Each structure stands twice: as structure tokens, then as C-alpha cells.
Amino acid sequence: MKNSVATVVCLGGTFFSPSLKELGLEVRHLPLARGEILDWDGVRRRAGLEPDLLFYLDRSLPPPIVGLETLPCLTAFWCIDSHIHSWYPAWAQGFDLCFASLKDHLPRFRLRLPPERVVWLPPFADHGHHPPAEPVEPEWDLLFAGTVDPETTPGRAAFLAELGHRLPGLAVRRGVFRELYPRARLGLNIAERGDLNFRVVEALACGACLLTPRVGHGQDELFRDGEHLFVYDPEDMDGLVRLVEELLADPERAARVAEAGRLAVEAAHRPIHRARTVAGAVRGLDAAAVVAERLERAREIRETYLKLVYLHWAEAARDPAARAAYLTAAKH
């Protein structure tokens, strides 16, 4: 195992992985099919090389890698959906590094992993999110862009139904953000599970004057209320309606804050910024020593943190091959 990291296999989402190439790393991306489970041999075969770093970028799937504790290269996990998957913190202990998008959840991952190897990596906006080249005449007073389903997003559906009764200028649409947000005077975000979601950064990148709930997870460290966006209390519908009415009556203020939010994204929340955080954390490690320590403790890590995760997924799996893979991972 080398001390330096030159080759990276990114497993799962692409996200900012192309930007790692800009920082001098050789990057291979391995997309994942739902239900696919890889071990070390599978990674090497699909990548065509033995990486210095195996980096799983969260796809909100059952564990797509087994034998984590015995992998001979440095390993990392970018965890996005810890507000949905309670098993993530335990499974993350099989990696050498964990990046988490929700800052308030960082302590959950500091079990085996020391604080310096649990790093905040917040949401960002890729370069597909940007304002139109030419100004667009707004059609709607307030826009929520995203999926609304009473069964899968009941809180969101109920919230928008009530708000729509109070504000007839509310529009709810699905589609490409950069095409939708410029058509609205104000943009609305909803965080159904209290997470700092990607829509915050993506809407700002598209030039929206954004109204978003107060959620924690470092949101106030990324963007300031009244300067880059506007924060509302999701339990105070009256307050939200007042805020919308005030901003509609003061379009210059809304435009000023929208532009400040867009510039904040360009300054610190594009793919290259997240890639630099990852590269800095990786290069700050003695990779050989970190991997050697994990391999020495492999059985303990499996028994303490990973076994119950794999047994759970073996029980939940409908596919016999997946069940067998998780049962094997739980044993050795």
C-alpha cells in the first residue's frame, strides 16, 4: 500500500468526481445497478486496475460493497442520506474516511473513526444549474420545484396545499431547475425530513430568491439569512405568508439577495470545491498506516459494526445471490 493516492475508483454517483481529475488524480467511475454487490475482485475487474482509493458516493442503496474491513486500499464514503438510513453510521465504520453532508450528524459517525476522519461535505450545485443567458419574464409569484406525492411526501403535499390556499400565486412544477426558477419571482424549498437538501444550493445557483426552512446541519454557515436567502419557520405558516408578501412588494430586495446567493454558490459550492475538500482530507492521511490499522482490526470491525448491518440486509434481500453475499460478509 502506497502512502500517496494517485488512482481513485468512484463507485455509485458521479457528483463531483470529474473534478478530482482537475486536481491531478486518475479517476475511474463505476456506476451501480440496483442490487449490485461488489467485493474487491469485482472492483478490480470492473475498474481494470487496483485503486489507491475506493470512494463510494451515496446512491441510497443497500450496501453495494462487502468485505470493507479487508480491502487493501484506502476507502471513503460520502454519506448524503443519513436522515433516511439509520444503518449508515455503523456501516461507515468499515471505511477509512467518512464524508457526511449533514453536519449535525457528524457525531454519529465518530465511533471507530476519529474526528479528523469524519469530514463535513455539504451539498453543492453542479454546472448544469445556472441562470438563463437572457432574462426571463416571471410567470409565478412563488415556485416549488420538485416531486409532490401525498403517499411518498405527505408532509410536503400537506404544506403546499395549505400554502396554496393562502397564496394563489404559488406554482408547483417538476422539471429542469434552470428552466423553472427564472420563471418565478421567489423560490420555495421544503425539507420534509429536516435535512439540508441539494435544492438549497441548486436553486441559488439558478438565480432564485430562495425561501428555505431553518434546518441546522450547517446551513447558516453556508448562507446567511437575509443576505443570500431567506429562512422561515416551517411551523409558522402566517410568518411565511408575510415574508412572501413583503418580498413580492420589494422586488429590488429580492433580486439583490438572489444575486448574492448565486455569487456565494460560485465562490464556494461548485464541484471543484467539494473535490478539493476530499483531496485535502485524503492527502492529509498516512494512507499505508490507516489501511494497516484497519486490516489489523478487521475482525473486530466486522463483529462490532458491520455484522448486524449485513445480517439485516440478508434478511431483507429478496434475491438469493444478494442474501448469500450479505451472509458471507457477516461471517468473514
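Q: Which residues in H7 are buried?
A: This is a predicted model, in which local features need pLDDT of at least 70 and side-chain atom pairs count only at pLDDT 80 or more, while totals for chains, interfaces and linings use all residues. Residues are numbered from 1 along each chain as its sequence is written, and side-chain values use heavy atoms, leaving out hydrogens and water. Helices are DSSP runs of H or I with at least four residues, strands are runs of E with at least two, and both are numbered from the N terminus; a buried residue has under 20% relative accessible area, an exposed one over 50%, and a partly exposed one lies in between (1.4 Å probe, protein chains only). In H7, the buried residues are Phe198, Arg199, Val200, Val201, Glu202, Ala203, Leu204 and Ala205.

Q: Why is helix H7 (residues 198-205) described as largely enclosed by the rest of the structure?
A: H7 is followed by Gly207, whose phi is positive, near 90°. The helix itself is largely enclosed because its buried residues number eight of the eight.

Q: Which kind of aromatic pair do Phe15 and Trp78 form?
A: Rings of Phe, Tyr and Trp (its six-membered ring) pair if their centres lie within 6.5 Å, and planes under 30 degrees apart count as stacked, over 60 as edge-to-face and the rest as tilted. The count by this rule is 21 aromatic pairs. With 5.0 Å centre to centre and 80° between the planes, Phe15 and Trp78 are edge-to-face.

Q: How many residues apart are Phe15 and Trp78?
A: Phe15 is partly exposed at 30% relative accessible area, whereas Trp78 is buried at 0%. Phe15 lies in the loop between strand S1 (7-12) and helix H1 (17-22), and Trp78 in strand S4 (residues 74-79). The pair thus links distant parts of the chain, and its separation is 63 residues.

Q: Which residue contributes the charged side of the lining of the largest cavity?
A: A cavity is a set of points on a 1 Å grid over the protein atoms alone where a 1.4 Å probe fits but cannot get out, and lining residues have an atom within 4 Å of a point. The lining includes Val5, Leu20 and Val278, and by class it has seven nonpolar, no polar and one charged residues. Asp, Glu, Lys and Arg count as charged, Ala, Val, Leu, Ile, Met, Phe, Trp, Tyr, Cys and Pro as nonpolar, and the others, Gly among them, as polar.

Key. 1 Å grid on protein atoms, 1.4 Å probe; cavity = no way out; pocket = protein on both sides within 12 Å on 5 of 7 lines; lining within 4 Å.
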